[in-house]
Amino acid sequence: MTSSSPPPPPRDGAEAAAPDRRCSRLPWPLPALLAWALAWLVFAGLQRGLQLPAVAALAVACAVGSAASLLGQGWWRRTLIAAGFPLSAALTGAAGAVPAWAWLLPLALLLLVYPLNAWRDAPLFPTPHGALDGLHGIAPLPAGAAVLDAGCGLGDGLIALRRAYPQARLHGLEWSWPLRALCALRCPWARVRRGDIWRADWSSYQLVYLFQRPESMERAFAKAAYELAPGCWLVSLEFAVPGRTADARWQLPGGRTAWLYRMPQR
C-alpha cells in the first residue's frame, strides 16, 4: 500500500510534541563557527579568569566542542565541529603548556559521545520533523501500545513517533550514554534507556522504529521476525529490507520513504 497524499495535521495532544528549534537549522558553516568560538571563550575564560591549569581548561573546552557537535547535520560536519577547537589550539600553540598525553582527551570525548559500535549502525541520523505524521493511518495501534525507537539518538524519532501515536507508550534505546541523557531530558514523556539495540528484547513492543543503515536492515528484520509477535510492525525510515516486499510504505514530502513490515504468523 502506497500513500502519496500530504501528511494529515497532528492529532490531539501532538502539538506538544513539536521539537524545539535547534541550531542545526542554521546555514553551514555558522554552527561550526559558533561552536569553535564558544570553545575558545571557555578555554580563555578558564585559563585567564579562573586560573585553571591548561589541561583542565583544554578538557572542558573540548567537552563543549564535542557537545556542540551534536547540533551538526551529517557525521563529517559533527566531526569538524568537535575537532575544530583542539586542532586550532594545537596549530596556534595556545595550549603549549599542555602535555602530549592530554591531546588524547578530544579523541576520548568523541568516542564517549559516538561509541565505535554505534558507528556500525547509524552515526546519529536525526528523523526529520513531522516525518511520521501519517503513520497511524497505515499502521494503527491501540491506545497504550508500546513503541520502541531503536537507536533514538537525541530524540527526534521519539518526537515524530509521539506526533503519530500520542496515546502510545514510547520507549527509546541508545548506546551512547551522553546521547541517552540528552534524549531523556528532551523527551521526558518517554522511557529512554541505554543499551544495545541488537541485544535488547523487542518482544514487548507492538512497533519498532529504525533509522539505520542499508546494511543493517536484513539483520533488523530477522530480529523483528524472531522476537515481535505476529501482526506487530517494523518501520524503517529511508531504507528497505533487501529482497523483501514491504507491507506498506509512506511517501514523505521531500522524497523520503518509510517502509513498513508487518510480522507474519510463525
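**Reading helices, burial and surface**

Student: Which residues of helix H8 (residues 177–186) are buried?
Tutor: Buried means under 20% relative accessible area, exposed over 50%, and partly exposed in between (1.4 Å probe, protein chains only). In H8, Pro178, Leu179 and Cys183 are the buried residues. Viewed down the H8 axis, these buried residues fall within an arc of 130° (directions from the helix axis to the C-beta atoms), so they line one face of the helix. The model is predicted: local features need pLDDT of at least 70, side-chain atom pairs count only at pLDDT 80 or more, and totals for chains, interfaces and linings use all residues. Residues are numbered from 1 along each chain as its sequence is written, and side-chain values use heavy atoms, leaving out hydrogens and water.

Student: How many helices and strands does the chain have?
Tutor: Helices (H or I, at least four residues) and strands (E, at least two) are DSSP runs, numbered from the N terminus. The chain has nine helices and eight strands. Of its 266 residues, 46% count as buried.

Student: Which residues does UniProt list as "transmembrane region"?
Tutor: UniProt annotations may be inferred rather than shown by experiment; positions follow the numbering used here, and feature names are shortened. The unreviewed UniProt entry lists residues 28–46, 53–76 and 88–114. The span 28–46 is 89% helix and 0% strand, with its end C-alpha atoms 28 Å apart.

Student: Where does Leu30 lie, and why does Leu30 count as partly exposed?
Tutor: Leu30 is in helix H1 (residues 30–49). Leu30 counts as partly exposed because its relative accessibility is 35%.
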